[in-house]
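Here is a structure to get to know. Take a first look at it, then read the briefing below.

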Amino acid sequence: MKKIALIVAGGSGTRMGGQVPKQYLPIGGLPILMRTLRVFHEYDSNIKIILVLPLSDFDYWDTLCQTHNFTISHSLVAGGASRFQSVKNGLQSIPGDAGLVAIHDGVRPFVAKEVIRMSFEEAERAGSAIAVIPLKDSIRKVGEYGKSYYQERHHFRLVQTPQTFALPKIKQAYQSAEKSYFTDDATVYEEQGWQVTLIQGNLDNIKITTPDDLEFSTFILERKKFTDP
């Protein structure tokens, strides 16, 4: 079955505090976004990669690709005003309805190839596959007037990407009107009344959004040099 990776990188990177959006910052000498594309290419060199960027960044991205001699095949799609609109634009660029699409945050460069593999296999079987990890800390729900309530952490999961779907169903889901609680693709899919299927993610699959994340990503990269085959 045709496999597509839809990499979304439309953020401005304001939480990073710099002038360059976070997806273009280097770790280990290579921009974060290039590392993200590379892991999907290494999983399957035949996968179709679609990269969603702000239209104003196209020239800058082309310059980065030339500077780093980055030749992994991918197509560019202009993002929208929100993540929802950016994903929708990416999905609309895919011809037909056959296949599976893994939607992934561009600033998660450390997703394990095994997680990508599981996501496609489970989405082919069940229609969806959402990478999650268990919570390690205790959690409390904060209500009105500062009151807080203990919650059983084993009932909760932290949600990551990729979030992988049968293409016709996720295309249909993204025809709905955008809502404020659409924080990820699973929520959009669920709005149709469909149950999502969870798979085990990997702890290193962090979303790099702050300077602390960037510092930790350097540590992850150094550790991987000694652990990867």
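What follows is a short briefing, grouped by topic.

This is a predicted model, in which local features need pLDDT of at least 70, side-chain atom pairs count only at pLDDT 80 or more, and totals for chains, interfaces and linings use all residues. Residues are numbered from 1 along each chain as its sequence is written, and side-chain values use heavy atoms, with hydrogens and water left out. The protein has seven helices and eleven strands. Helices (H or I, at least four residues) and strands (E, at least two) are DSSP runs, numbered from the N terminus.

**Overall shape**

- The radius of gyration, taken over C-alpha atoms, is 18 Å.
- The C-alpha trace spans about 55 × 40 × 40 Å along the principal axes.
- Of the 229 residues, 47% are buried. Buried means under 20% relative accessible area, exposed over 50%, and partly exposed in between (1.4 Å probe, protein chains only).
- Contact means heavy atoms within 4.5 Å. Among contacts with a separation of 6 or more, 71% join residues 24 or more positions apart.

**Helix α2 and the residue after it**

- Helix α2 covers residues 58-67, and W61, L64 and C65 are buried there. Seen down the axis, the buried residues fall within an arc of 100°, so they line one face of the helix. The arc is that of the directions from the helix axis to the C-beta atoms.
- D59, Q66 and T67 are exposed on the other side of α2.
- The buried residues of α2 pack against β3 (30-31), α1 (32-43), β4 (48-53) and β5 (75-78).
- N69 follows α2 and lies in the loop between α2 and β5. N69 is not a glycine, yet its phi is positive, about 50°. N69 is exposed, at 63% relative accessible area.

**Helix α3**

- Helix α3 spans residues 83-92. Its buried residues are F84, S86, V87, K88, G90 and L91.
- The cover over these buried residues includes β1 (3-8), β4, β5, β6 (100-105), α5 (167-173) and α6 (185-190).

**Aromatic rings**

- A search of the whole structure finds ten aromatic pairs. Rings of Phe, Tyr and Trp (its six-membered ring) pair if their centres lie within 6.5 Å; planes under 30 degrees apart count as stacked, over 60 as edge-to-face and the rest as tilted.
- Y181 and F182 have ring centres 5.3 Å apart and planes at 80°, so the pair is edge-to-face. Y181 is partly exposed, at 43%, whereas F182 is buried, at 10%.
- Y24, Y60, W61 and F70 form one aromatic cluster.
- A charge sits over a ring if NZ of Lys or CZ of Arg is within 6 Å of the ring centre and within 35 degrees of the ring normal. The charged end of K3 sits over the ring of F120, 5.5 Å from its centre. That of K169 sits over the ring of W194, 4.5 Å from its centre.

**Backbone and loop details**

- Most residues other than glycine have a negative phi, and most peptide bonds are trans.
- The peptide bond from T161 to P162 is cis, with omega near 15°. P162 lies in strand β10 (residues 157-166).
- Y145 is not a glycine, but has a positive phi of about 60°. Y145 is in the loop between β8 and β9 and is exposed, at 79%.
- E144 is in the loop between β8 (139-142) and β9 (148-151), and is exposed at 60%.

Note on methods
The radius of gyration is taken over C-alpha atoms; the globule rule is 2.2 Å times the number of residues to the power 0.38.
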